[in-house]
Amino acid sequence: MTPPAEAPTTSGAAPRRRPRAALLLLAVPVLAALLGPLAAGDASSDRDALPSRPPDAEHPLGTDVLGRDVLWLVLHGGSSVLAAALGALLVGVAAGVPLGLLAAGPRRLLDETVMRGLDLLLAFPGLLVLMTLAATGHRAWYWLVAVAGVLQVPAVARLVRGAALAPGTRTVVEALRMQGHGWTYIHLRHLARELAAPLATDAAGRFSVVLYLLASANFLGLGLPASSPDWAVLIERNSDALFTQPAAVLVPAGLLTALCVGGNLLVDHGLARRRRRR
């Protein structure tokens, strides 16, 4: 007796995979940054605690080199990381997208002027610019975020210009112009949809670049003070005690890594899902 035939599966339909790993990686540092200060309270620890102590009942993650509770520091250090990195990305995108669209316009002289000016900015190393800024007395955190965002403008503008000048995009833009559509319709509706995917992919990768730049600046004393609970500052501040008190370095480093990797995986999943719908 022949076995019954299996029920046919939907033709050409690939199994949908939910980005559970990406969501988990991203949710842990984001929730720690947003809800951590509420859960930790105001007082960090007993000021008489010894520095670089291993975890115990009173301090679940031990103490740092200054004798502060590492768990309290970790719960309070994520908000500055998210705010600074997202603020710098917002500055870069807000300035880079209009400049890229301006360079992709029909005027060749305007294109050369914008791109050569951005090339000049691109020639300066990021840390050198931040050190020069600090030497002039501008050490506040908002100066650091603003300059880190401005340093991302050339790359964002190049990406936007390249996407807007792609052969397929230019053909559609010319067709829309011949149909009588204005600048607002073309740039805010058509080009906005075309640029959303590459901008999202670039922003996910650029988030790691901005985090590295801000962490390096904080290590050099150009931004946040050395006593700040910021995750990047904690890593550098406790690096010498890695073998005696590894939690003070590995926990904030793990949260930063999860933030970067989870964001990239989630964006990749979203772009792949969008391609399947087309």
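**Exercise 1. How H2 passes H6**

Work out the handedness of the crossing that H2 makes with H6, and describe the geometry and the residues behind it.

*Solution.* H2 passes H6 in a right-handed crossing. Bear in mind that this is a predicted model.

Step 1: two packed helices are described by the angle between their axes and the distance between the axes. Let us take both for this pair. Helix H2 covers residues 70-103 and helix H6 covers residues 153-164; their axes come within 7 Å and cross at roughly 40°.

Step 2: classify the angle. Angles under 35 degrees would count as roughly parallel, and 65 to 115 as roughly perpendicular, so H2 is oblique to H6.

Step 3: list the partners. On the H2 side, the residues are Val-91, Gly-92, Val-93, Ala-95, Gly-96, Val-97, Leu-99, Gly-100, Leu-101 and Ala-103. They meet Val-153, Val-156, Ala-157, Val-160 and Arg-161 of H6. Sorted by class, this contact has eleven nonpolar, three polar and one charged residues.

**Exercise 2. H1 against H2**

Find which class of angle describes H1 and H2, and which residues form their contact.

*Solution.* Step 1: the axes of helix H1 (residues 20-40) and H2 come within 7 Å, with a crossing angle of roughly 130°.

Step 2: an angle over 145 would be roughly antiparallel, while 65 to 115 would be roughly perpendicular. H1 and H2 are therefore oblique to each other. Here the crossing is left-handed.

Step 3: H1 contributes Val-30, Ala-32, Ala-33, Gly-36, Pro-37 and Ala-40, and H2 contributes Trp-72, Leu-75, His-76, Gly-78, Ser-79 and Leu-82. The classes come to eight nonpolar, four polar and no charged residues.

**Exercise 3. Asp-202**

Decide whether Asp-202 is buried or exposed, and say what it touches.

*Solution.* Step 1: locate the residue. Asp-202 lies in helix H8, which spans residues 183-219.

Step 2: apply the cut-off. Buried means under 20% relative accessible area. Asp-202 has 19% relative accessibility, so it counts as buried.

Step 3: look beyond its neighbours within four places in sequence. There, Asp-202 is in contact with Val-156 and Leu-159. Val-156 also belongs to the H6 side of the contact with H2.

**Exercise 4. The whole chain**

Summarise the fold and the surface of the protein chain.

*Solution.* Step 1: count the elements. The protein chain has ten helices and zero strands.

Step 2: consider burial and contacts. Of the 278 residues, 36% are buried. Among contacts between residues at least 6 apart in sequence, 71% join residues at least 24 apart.

Step 3: finish with the surface. The accessible surface is about 16,300 Å², and 65% of that belongs to carbon and sulfur atoms.

Technical notes: Residues numbered from 1 in each chain as written. Predicted model: local features only at pLDDT ≥ 70, side-chain atom pairs only at ≥ 80, totals over all residues. Heavy atoms only, no water. Helix = DSSP H or I, 4+ residues; strand = E, 2+ residues; numbered from the N terminus. Buried < 20%, exposed > 50% of the residue type's maximum accessible area, 1.4 Å probe, protein only. Contact = heavy atoms within 4.5 Å. Areas by Shrake-Rupley, 256 points an atom, 1.4 Å probe, with all protein chains shown as cover. Axes fitted to C-alpha atoms, helices over the stretch in contact; angles between N-to-C directions. Left-handed = near helix turned anticlockwise from the far one by under 90°. Nonpolar A, V, L, I, M, F, W, Y, C, P; charged D, E, K, R; others polar.
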